[in-house]
Amino acid sequence: MDSVIEGSYDILERKNIEHFVIYNLENAIEVLSDEPATFRWLSKEEVTICDGSKT
């Protein structure tokens with residue numbers, strides 16, 4: 001647990017922590033923040049599709 005606290009830049013010691021988890025088919029991304037997050041759906045025009053097969 002000490003390595004988690006060290007890697008969190010002391011965020012775990014703050015009072016009002018928001019915990020978010022973002023999932024897709026291949027990943028789960030955990031986010032800890034002391035600031036509220038704003039989420040919104042993107043339009044098709046705002047999305048860039050990356051082809052992972054190209055290097």
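Reader: Is serine 33 buried or exposed?
Author: Serine 33 counts as buried because its relative accessibility is 17%. Buried means under 20% relative accessible area, exposed over 50%, and partly exposed in between, with a 1.4 Å probe and protein chains only. This is a predicted model, where local features need pLDDT of at least 70, side-chain atom pairs count only at pLDDT 80 or more, and totals for chains, interfaces and linings use all residues. Residues are numbered from 1 along each chain as its sequence is written, and side-chain values use heavy atoms, with hydrogens and water left out.

Reader: Where is serine 33 found?
Author: Serine 33 is in strand E2, which covers residues 28-33. Helices (H or I, at least four residues) and strands (E, at least two) are DSSP runs, numbered from the N terminus.

Reader: And what does the side chain of serine 33 reach?
Author: The backbone oxygen of glutamate 35, at 2.8 Å.

Reader: How much of the chain is buried?
Author: Of the 55 residues, 7% are buried. The chain exposes about 5700 Å², with carbon and sulfur atoms supplying 53% of that. Those areas come from the Shrake-Rupley method with a 1.4 Å probe; for residues, only the protein chains shown count as cover.

Reader: Which residues make the nonpolar surface patch?
Author: Ile22, Ile29 and Phe39 make a patch of about 300 Å². Phenylalanine 39 sits in the segment after E2, and it counts as exposed because its relative accessible area is 54%. Like charges are joined within 9 Å, and nonpolar side chains (Val, Leu, Ile, Met, Phe, Trp, Tyr) within 5 Å.

Reader: New topic: where is lysine 15?
Author: Lysine 15 lies in the loop between H1 and E1. With a relative accessible area of 77%, lysine 15 is exposed.

Reader: Which element has the lowest mean pLDDT?
Author: Helix H1 (residues 2-7), at 62, while strand E1 (residues 18-23) has the highest, at 86. The predictor's confidence in each residue is its pLDDT, from 0 to 100. For the chain, the mean is 76, and 67% of residues reach 70 or more.

Key:
A polar contact is a pair of N or O atoms within 3.5 Å; within protein, one must be able to donate a hydrogen and the other to accept it, and residues adjacent in sequence count only if both atoms are side-chain atoms. Patches are made of residues with over 30% relative accessible area and no salt bridge: like charges are joined within 9 Å, nonpolar side chains (Val, Leu, Ile, Met, Phe, Trp, Tyr) within 5 Å. A salt bridge is a side-chain nitrogen of Lys or Arg within 4 Å of a carboxyl oxygen of Asp or Glu.
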